[in-house]
Amino acid sequence: MKLEKIEKELEKTLSPKRFRHSAGVAEMARHLAHLYGASEEKAYLAGWIHDCAKEMTLSEMQHVVKKAHLTFDDAKHMLGSRALLHGPAGSVLAKTAFGIDDEEIRGAIYYHTTGRVGMTLLEKSVFLADYIEPNRDFPGVEKARELAETSMDRALLYCYDQTLIELITRGKLIHSDTIAAYNDMIRQGVRWRDEEKA
Ligand code: DGI
Ligand code: FE
Ligand code: FE
């Protein structure tokens, strides 16, 4: 499907707010891909499509992933959470509704919420862009934007930190991919606070 058609389709199916957010993620993901050497074209497409399943009901998302025979290590957690399942469901729709065959683009959509150990530059570009695109406005977003211009990994760790703190504060479950990704970065010596810089 041509980009123009993809945008039109998303405009029809998403709320205006989610549509603006998707446009922002597309632009920001392309910017980060340019800065850090990922495919700008793939980042832009993945950014547009990443939240295509976000406004479905949980049972609609479950239907999409079941039909595609996706399986999950922690099925109970994944299949029970709209916040988590919209990534995998979106990666299926990228193919079935938007004709995206590219596995890297679909991977970036699949992992855009939880992250994972060993994310590709493309996955990191989309994950970070989701957090810092210009329509985002929450405490700490400026710090994330600042870090993103100089170090992808420090910015990424900052995002994980903030998300973990928020989930813990709200008494929520934390997906094992998020914990593993956080631990992996710490093990690698990544730090975002200047005094702790490895
Ligand atoms: O879809 P968006 O709102 O644009 O952003 P997103 O896909 O990153 O979703 C973020 C939400 O997902 C945020 O409110 C935190 C929530 N969430 C729930 N469980 C987890 C989680 N985020 C991560 N990284 N890990 C979790 O286990
Ligand atoms: Fe999302
Ligand atoms: Fe998003």
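**Charges.** I began with the charges: the protein has 28 positive and 31 negative ones, and their mean positions are 4 Å apart. I counted Lys and Arg as positive and Asp and Glu as negative, leaving out His and the chain ends. Each charge was placed at NZ of Lys, CZ of Arg, CG of Asp or CD of Glu.

**Ground rules.** This is a predicted model, so I note that local features need pLDDT of at least 70 and side-chain atom pairs count only at pLDDT 80 or more, while totals for chains, interfaces and linings use all residues. Residues are numbered from 1 along each chain as its sequence is written, chains are lettered from A and ligands numbered from 1 in the order in which they are written, and side-chain values use heavy atoms, with hydrogens and water left out.

**Fold.** I found eleven helices and zero strands in the protein (DSSP runs numbered from the N terminus: H or I of at least four residues for helices, E of at least two for strands). My next check was the radius of gyration: the protein has 16 Å, which agrees with the value near 16 Å for a compact globule of 198 residues (taken over C-alpha atoms; the rule is 2.2 Å times the number of residues to the power 0.38). Along the principal axes, the C-alpha atoms fill a box of roughly 45 × 35 × 30 Å. I also noted that 47% of the 198 residues count as buried (under 20% relative accessible area, 1.4 Å probe, protein chains only).

**Iron ion, ligand 3.** Which protein atoms are donors to the iron ion (ligand 3)? I listed His 21 (NE2), His 50 (NE2), Asp 51 (OD) and Asp 130 (OD), lying 2.2 Å from the ion. Donors here are N, O and S atoms within 2.8 Å of the metal (3.2 Å for Na, K and Ca); water is not among the atoms, so sites may look incomplete. His 21 is buried at 5% relative accessible area, and His 50 is buried at 0%.

**Iron ion, ligand 2.** I then turned to the iron ion (ligand 2), coordinated at 2.1 to 2.2 Å by Asp 51 (OD), His 86 (NE2) and His 112 (NE2). Asp 51 lies in the loop between H3 and H4 and His 86 in helix H6 (residues 82-96), so this pair ties together parts 35 residues apart in sequence. Both Asp 51 and His 86 are buried.

**The bridge.** Asp 51 bridges the iron ions (ligand 2 and ligand 3), which lie 3.5 Å apart.

Technical notes: Buried < 20%, exposed > 50% of the residue type's maximum accessible area, 1.4 Å probe, protein only.
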